[in-house]
Amino acid sequence: MLNRRTLMAAAGVALGCLAAVPAAAQEVIKVGLILPMTGPFASTGRQVSAGAKAFIAAKGDTVAGKKIELVIRDDAGTADQTRRIAQELVVNDGAKVLAGFGLTPLAMAVAPVATQAKIPSIVMAAGTASITKASEYITRTSGTLPQYSLPVGTWAAQNGIKKVVTLVSDYGPGIDAEKWFSKEFKAKGGEITEAVRVPLANPDFAPFLQRVRDAKPDAVFVFLPSGAGSLFMKQFADRGLADAGIKLIATGDVTDDDILNSMGKPALGTITGHFYATAHDSPENKAYVEAFEKANNGMRPNFMSVGGYDGMALIYAALEKTKGDASGPAFMEAVKGLSWTSPRGPVSIDPETRDIIQNIYMREVKEVNGELHNVEFATFEALKDPEKAEAK
Amino acid sequence: MLTILFDGVAYGMLLFILACGLTVTLGLMNFINLAHGAFAMAGGYVTVIMMNRYGISFYWCLPAAFIVAAFIGLILERTLYQWLYQAPHLDQVLFSIGLVFMAIAATDYFMGGQQQLINLPPELSGRMDVFGVGVGRYRLFTIILCAVLAVALQLILSKTRFGSRLRAAVDDRRVAMGLGINVPVVFALTFAFGSGLAGLGGAMGAEILGLDPNFPLKFMIYFLIVVSVGGTSTVSGPFLAALLLGIADVAGKYYVPAIGPFVIYALMIIMLIVRPNGLFARGGR
């Protein structure tokens, strides 16, 4: 009996070795994608992961002779989970690159792991400017709040808007947006009559909107995370602010393409500044939107999805440059100065700050073929993140 | 000024409809049901599905939300809740908070995590001027409907036979049973009615408060504040408490936006110090 058991064990080991051989022939690079797939920010996770998958579906799963394997993990939007998952991915699963990070605190929680393990980490969604300063190994393919709030200020000042009330969510990105919009708008001769900050978990916008109405500005500048934005839009219309002659200008988060269509009429005419619109007119984007909608049951790709898509584009381009070397220092060196054509237009990575340089588009919500879309009408080309540009 | 008062009243009325079911289960049936918000969410999603997928009128959605939430309440009461009436409060809390998380996960799975929006019929949207005061039509509708419900509820509890049976069943279950009152049926109906009201509140609140899978958790605090400030032994207590909180919340956010969100919590603490058993307590329990 004992003999037979040893024999079987030996056979098992031999089989195991056999199975391992073909895998070793083509080395696998694991990319750990940490995203909020459940909880209040699940739509971020869904969009980013679908974007990343769309890239692999379009470009194949091999680059520089290495097979790319996506490992998607859910952090439910809590920072301590993100950090624990990042450690597990690096230590147990041998992930060579980390990516994803739906919110600023989640990205911040990973920064120490990235620094210590020298793991390149690609921010695909979070938008506070300071994230890339937290670690040498962090780069970004979404965008920063200052980057797309500032042009809205420029546009407003140039288009006859004199008095503005700002209304932002009271947390990191909101304060970034308020600061950079106001700064630019004032520098160009505008006046901020009031700055309202709304708590993040705020059920009813009524009092804040009434305050805006009573201040009688020419326009109200708004940043809110995308879900809250849709609710805001309805109440904005209901309170008759548009009838009172108050224009709504915002960052693109408020008119998130994913839910824009369900906002209905009140959203029409909203002016926003952002880096991506589903309706962006380019052959790259047409192909992307078509493939994305087909693979995701008609879901519209929004700016988060394109962050995921470009995150993968960045990984592929960097690996090609390093000839498949995914070790931290070599990878990050390759990332600096990379440029490519994304569905959103030309983008590149700033060699000094590792943050993304991209066009910011001014858009207006219009009805196109019976659906609401952000239609671009002006472009601010190749903008850097203003916060880090100023710090130098 | 008057617009703020009006908005506050509308918000308070909505809070009352959402929370009064909780008053009934907590105060009258002595059961801590933290999953109350889940019934409200169910009502909200019924409305969203009916309006957005099948294009049914908003006015039909309201009774439907009530009936569906009440029906779910009835089933859960018969299958799960009734076993916990005699259990310690901690068990009830753990059980119902577990239900909340299950409801959140299930909703997220079936409906997705995004904000759900409904488009109101045109006669309810926008605002009008009444003697120079800007009044949101939908908020006015909310106030009227909720006021009618509040009066009806008070009458049912104090004047009808069912109301007296319920109060008897709560005061002394054994004696009530001895008198031939079918206590389990009374409780089940009450629970279903409370859940139905929550469902109605959720349906009406979808427009003002928003609706996403985290609704039950987001509003649990508000429900509990209303119930703890208002006391659990009457309907009028929570009614006034909800109005007070609604007005304080809206006015606080309007006049002192920097500390606006804290106003209702400060108010709650003061009320609990001054009247620990609620605004209209029947004396200590």
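View 1. The unreviewed UniProt entry marks residues 6–24, 57–81, 93–112, 138–158, 179–200, 220–247 and 254–274 of chain B as "transmembrane region". UniProt positions follow the numbering used here, feature names are shortened, and annotations may be inferred rather than shown by experiment. The model is predicted: local features need pLDDT of at least 70, side-chain atom pairs count only at pLDDT 80 or more, and totals for chains, interfaces and linings use all residues. Residues are numbered from 1 along each chain as its sequence is written, with chains lettered from A and ligands numbered from 1 in the order in which they are written. Residues 93–112 of chain B are 95% helix and 0% strand. The end C-alpha atoms of residues 93–112 lie 27 Å apart. Residues 254–274 of chain B are 67% helix and 0% strand, with end C-alpha atoms 26 Å apart. Helices (H or I, at least four residues) and strands (E, at least two) are DSSP runs, numbered from the N terminus.

**View 2. The largest nonpolar core.** This core holds 202 residues, and Phe16(B) and Val226(B) touch the most other members. Helix α1 (residues 2–28) of chain B gives the most to the core, 17 residues. Domain 1 and domain 2 of chain A each supply at least three residues. A nonpolar core is a set of buried Ala, Val, Leu, Ile, Met, Phe, Trp, Tyr and Cys residues joined through C-beta atoms within 7 Å. A residue is buried if 20 or more other C-beta atoms lie within 10 Å of its own, exposed if 12 or fewer, and partly exposed in between; C-beta atoms are placed from the backbone.

View 3. Contact requires C-beta atoms, placed from the backbone, within 7 Å. Leu18(B) is found in helix α1 of chain B. Leu18(B) is buried, with 30 other C-beta atoms within 10 Å.

**View 4. The interface between chains B and A.** Here 29 residues of chain B are in contact with 27 residues of chain A. On the chain B side, α1, α4 (89–111), β2 (133–136) and α10 (236–255) each supply at least two residues. The largest share, 4 residues, comes from α1(B). The chain B side divides into 11 nonpolar, 12 polar and 6 charged residues. Ala, Val, Leu, Ile, Met, Phe, Trp, Tyr, Cys and Pro count as nonpolar, Asp, Glu, Lys and Arg as charged, and the others, Gly among them, as polar.

**View 5. The two domains of chain A.** Chain A is divided into domain 1 (24–143 + 281–354) and domain 2 (146–274 + 360–391). These bounds come from an automatic or database domain assignment. The domain centres, taken over C-alpha atoms, are separated by 28 Å. Contacts join 12 residues of domain 1 to 15 residues of domain 2. The domain 1 side comprises 2 nonpolar, 8 polar and 2 charged residues.

**View 6. Helix α8 of chain A.** Gly240(A) follows α8(A) and has a positive phi, near 70°.

Methods
Contact = placed C-beta atoms within 7 Å.
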